[in-house]
Amino acid sequence: GGGGGAATFKRTGNFAATSAASSGLLAEARPSRVDGTVTVRSEGGTDDQFTVVIELNSQRGPEELLWTIVPGGCGGADLPLVSPRQNPRLNVQTSGAARVTAEFRGTMTVDQTYHVNLYANDGTSQTDVVACANLRS
C-alpha cells in the first residue's frame with residue numbers, strides 16, 4: 001500500500017440470514033441459511049458511482065432477490081439510497097448460488113456506515129429482508 005487512493009471507497013460485507021427469513025410468511029418451508037459476500041467500491045474516486053459485486057450461496061433457490069444499500073447497520077429503519085427495484089435482480093439458481101455485478105448510483109461517504117439488504121417475494125420493506133450484510137472498510 002498507500003499512495004493517492006485515499007478517496008477510494010471500498011467496503012466488504014458478509015451476508016447473514018435475518019429473523020424474517022426464518023419466521024412468518026417468508027419461512028414457507030424454505031431453509032433460511034444464507035452465506036455470501038458483497039463488495040462495494042467506487043469508480044475513480046467518485047462518491048456517487050459504485051460497482052457492487054454480490055456472491056451468494058443459499059438454501060433458498062430458485063428465486064429472484066432484490067437488493068439495495070441502506071445507511072446505518074443491519075436492521076435499521078433508514079430509507080434505502082436507491083429503491084431495490086432500480087437494481088439488477090439477483091437470480092438464485094436451483095443450487096442456491098447467485099452472483100451479480102452491478103453499477104450502483106447513490107451517494108456514499110467514507111465516514112458513514114452502510115448495509116446491504118436482500119429482499120424476497122419481490123418486496124421492498126423490512127419484513128421482506130431475508131439477508132443483510134454490514135459493509136466494513
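F15 is in contact (heavy atoms within 4.5 Å) with V34, D35, G36, T37, V38, I54, L56, V116, L118, A131, C132 and A133, leaving aside residues up to four places away in sequence. This is a predicted model, in which local features need pLDDT of at least 70, side-chain atom pairs count only at pLDDT 80 or more, and totals for chains, interfaces and linings use all residues. Residues are numbered from 1 along each chain as its sequence is written, and side-chain values use heavy atoms, without hydrogens and water.

F15 also belongs to the largest nonpolar core, which has 28 residues. Such a core is a set of buried Ala, Val, Leu, Ile, Met, Phe, Trp, Tyr and Cys residues joined through side-chain atoms within 4.5 Å; buried means under 20% relative accessible area, exposed over 50%, and partly exposed in between (1.4 Å probe, protein chains only). Among the strands that each supply at least two residues of this core are β2 (34-42) and β8 (129-135). Strands (E, at least two residues) and helices (H or I, at least four) are DSSP runs, numbered from the N terminus. The protein has eight strands and one helix.

The structure also holds four salt bridges (a side-chain nitrogen of Lys or Arg within 4 Å of a carboxyl oxygen of Asp or Glu), including these:

| Pair | N to O distance |
|---|---|
| E55 and R99 | 2.2 Å |
| E64 and R89 | 3.3 Å |
| R89 and D122 | 3.0 Å |

Salt bridges with shared partners join E64, R89 and D122 into one network. E55 lies in strand β3 and R99 in strand β6, so this pair ties together parts 44 residues apart in sequence. R99 is exposed at 53% relative accessible area, whereas E55 is partly exposed at 37%.
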